[in-house]
Amino acid sequence: KYGLLDIDRKRKEIVLQRELADKRQKEAAARKGELLNAQKTKQTNREAELRLNAAVSAFDNKEFNLAETECKNILKIQPDNKEAGELLIRIGEKQNQISLLMNDAFKSLKSGQLIRANDKFNQAIEIEPENDKAKKGISEIQSQIQSRLVKGDFSSLQNRYYTEGFYYYNQKDYAKSVSSWERARSLEKSGVGSAAFDLQNKEVE
């Protein structure tokens, strides 16, 4: 039979065993948590690296909206990612440039300054080649000019040739473009056209 001391000792042993078991269980859970966190961190770093590569590639290809999306996705999983933050600033600068050009282009188009509008649309496309709004703007300009060429709606024959040259230039038909501008120049030299005619500073009239 157990005495009181034996019972107390046995009780303490049981308590100690339970405490050791709990401790081992907690340590195992902690190790498992650390392992999962390490795996998650590794996966996050890998995802961030792939997305950053995609963002840089998109930026270099002038696909700024795609680059912006990738950078924002990186910052969702790694808020302190310096490279993504810096690239996002550069993207914003490009988008601001495009926005200013597009605003100027549409304003010029609305006021009938077709040449200026065309220049601004083209400048926007130089920065962002797949800018659909700028392309549509140029198509609208071409449509308006084509309509005027058909109607012959110009202030002078010299201006008609100038506008015709501009129309062909937009179509990348440079031979016809040069030919039309040479005609405009010849009218100036013959005294028929304006002596102040300037291909660099001209609007459709």
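1. A quick definition to start: a residue is called partly exposed when its relative accessible area lies between the buried limit, under 20%, and the exposed limit, over 50%. Arg-46 has 46% relative accessibility, so it counts as partly exposed. Please keep in mind that this is a predicted model.

2. Arg-46 has a charged partner: it forms a salt bridge with Glu-49, with 3.4 Å between the closest N and O atoms. Both residues belong to helix H1 (residues 4-60) and sit three residues apart, about one turn of the helix. Glu-49, at 42% relative accessibility, is partly exposed too.

3. Helix H1 also holds the pair Arg-51 and Glu-47, four residues apart and therefore separated by about one helical turn. Their salt bridge has its closest N and O atoms 3.1 Å apart. Arg-51 is partly exposed at 25%, and Glu-47 is partly exposed at 32%.

4. Elsewhere, Lys-176 and Asp-173 meet through their side chains in a salt bridge, at 3.9 Å from N to O. Lys-176 is partly exposed at 43%, as is Asp-173 at 26%. Shared partners link Glu-47, Arg-51 and Glu-70 into one salt-bridge network. The count of salt bridges comes to eight.

5. Now to the helix packing. H3 (residues 82-110) and H4 (residues 114-127) pack at about 160°, their axes 8 Å apart, which means that H3 runs roughly antiparallel to H4. Their crossing is left-handed. By class, this contact has 11 nonpolar, three polar and four charged residues. Among those meeting are Ile-98, Leu-101 and Phe-106 from H3, and Leu-114, Phe-121 and Ile-127 from H4.

Key:
Residues numbered from 1 in each chain as written. Predicted model: local features only at pLDDT ≥ 70, side-chain atom pairs only at ≥ 80, totals over all residues. Heavy atoms only, no water. Axes fitted to C-alpha atoms, helices over the stretch in contact; angles between N-to-C directions. Helix = DSSP H or I, 4+ residues; strand = E, 2+ residues; numbered from the N terminus. Parallel < 35°, antiparallel > 145°, perpendicular 65-115°, else oblique. Left-handed = near helix turned anticlockwise from the far one by under 90°. Contact = heavy atoms within 4.5 Å. Nonpolar A, V, L, I, M, F, W, Y, C, P; charged D, E, K, R; others polar. Salt bridge = Lys/Arg side-chain N within 4 Å of Asp/Glu carboxyl O. Buried < 20%, exposed > 50% of the residue type's maximum accessible area, 1.4 Å probe, protein only.
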